[in-house]
Amino acid sequence: NKYYTGTAFSMIPFFTVAHIYAKNSKFLADGYSKPYQFMANFASVFYLLFGCLGIYFLLRRYHIDRIFIAIVLCMLVFGTDVSYFTYVLTPFSHVFSFAIVAWMLLYAKKWADEHSAKNFIVFCLFLGWAVMIRPTNILVLAFVPFMFTGTQLFFLRLKQLFTKQWKHLLLGLGVFMLFLGFQLWNVHNQ
C-alpha cells in the first residue's frame with residue numbers, strides 16, 4: 001500500500017460510527033457497504049467545514065472583516081478543487097490536508113502572537129497530522145515565519161525555543177513523532 005495513513009486516521013471516528021451502525025443493521029460490516037460510503041462522504045464534508053472554520057479563525061486573528069472572510073471562504077470552496085475533492089473524489093486526501101493545514105496555520109499564528117507552550121504543542125500536533133496525511137505538507141512550514149509581526153521576532157522566538165524553552169521543543173517534537181511513528185510503524189508492518 002503506497003498511501004499514507006493520515007487520511008485513514010482522519011476518518012477513524014466516521015468509520016467507527018458506520019461500523020457500529022452496519023453491525024446493528026442489515027448492511028454488511030465489511031467496510032464497503034452503504035453506511036461506510038455515506039460516512040466517508042460525511043467525513044469529507046465535515047473536514048471541508050472544519051478547514052473553513054480554521055481559515056475563519058486565522059483570518060479573524062488578522063482583524064479582517066467578516067464579509068471579506070466570507071468572500072475568501074466562498075472563493076476557496078467554489079473557486080478551487082477542494083469542493084471537487086469533497087463531493088466527487090471523496091476519500092482522497094486533499095480535503096483532509098486542507099482542514100489540518102488550516103488549523104496548523106491557525107496555531108502557528110496563535111503561537112506567534114501569544115508564545116504559549118500549549119499553542120506550540122497543538123501546532124506540532126497538527127503538523128504531525130498533516131505530514132501523516134501527505135509528507136509534502138511539511139512544506140507549509142515555510143509560511144510559519146509570515147505569522148510573526150517581523151523577522152526579528154521570529155528569530156527571537158526560535159532562539160528562545162532552543163534555549164529557554166527547550167522542554168516545549170522536546171514535547172512538541174514528541175507529539176510530532178507520535179504521528180510520524182505511527183506512519184513508520186504501518187510501513188514496517190506492511
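**Side-chain contacts, aromatic pairs and a surface patch**

The side chains of Asn 119 and Glu 114 are joined by a polar contact of 2.8 Å in this predicted model. Asn 119 belongs to helix 7, which spans residues 117-133. With a relative accessible area of 2%, Asn 119 is buried, because the cut-off for this class is under 20%. When neighbours within four places in sequence are set aside, the residues in contact with Asn 119 are Tyr 107, Lys 110, Trp 111 and Glu 114.

Across the whole structure, a search finds 28 aromatic pairs. One of the pairs is formed by Phe 46 and Phe 50, which are stacked, with a centre-to-centre distance of 5.8 Å and 10 degrees between the planes. These two residues lie four residues apart in helix 3 (residues 34-61), so about one helical turn separates Phe 46 and Phe 50. Phe 46 is partly exposed at a relative accessible area of 36%, and Phe 50 is likewise partly exposed at 22%.

Phe 57 and Trp 103 form an edge-to-face pair, because their ring centres are 6.1 Å apart and their planes stand at 70 degrees. This pair links distant parts of the chain, with Phe 57 in helix 3 and Trp 103 in helix 6 (residues 94-114), 46 residues apart. Phe 57 counts as partly exposed at 35% relative accessibility, whereas Trp 103 counts as buried at 11%.

On the surface, a nonpolar patch is formed by Ile 67, Phe 68, Ile 71 and Met 75, which together have about 430 Å² of accessible area. Within this group, Ile 71 is located in helix 4 (residues 66-79) and is partly exposed, at 42% relative accessibility.

Conventions
Residues are numbered from 1 along each chain as its sequence is written. This is a predicted model: local features need pLDDT of at least 70, side-chain atom pairs count only at pLDDT 80 or more; totals for chains, interfaces and linings use all residues. Side-chain values use heavy atoms; hydrogens and water are left out. Buried means under 20% relative accessible area, exposed over 50%, partly exposed in between (1.4 Å probe, protein chains only). A polar contact is a pair of N or O atoms within 3.5 Å; within protein, one must be able to donate a hydrogen and the other to accept it, and residues adjacent in sequence count only if both atoms are side-chain atoms. Contact means heavy atoms within 4.5 Å. Patches are made of residues with over 30% relative accessible area and no salt bridge: like charges are joined within 9 Å, nonpolar side chains (Val, Leu, Ile, Met, Phe, Trp, Tyr) within 5 Å. Accessible areas come from the Shrake-Rupley method with a 1.4 Å probe; for residues, only the protein chains shown count as cover. A salt bridge is a side-chain nitrogen of Lys or Arg within 4 Å of a carboxyl oxygen of Asp or Glu. Rings of Phe, Tyr and Trp (its six-membered ring) pair if their centres lie within 6.5 Å; planes under 30 degrees apart count as stacked, over 60 as edge-to-face and the rest as tilted.
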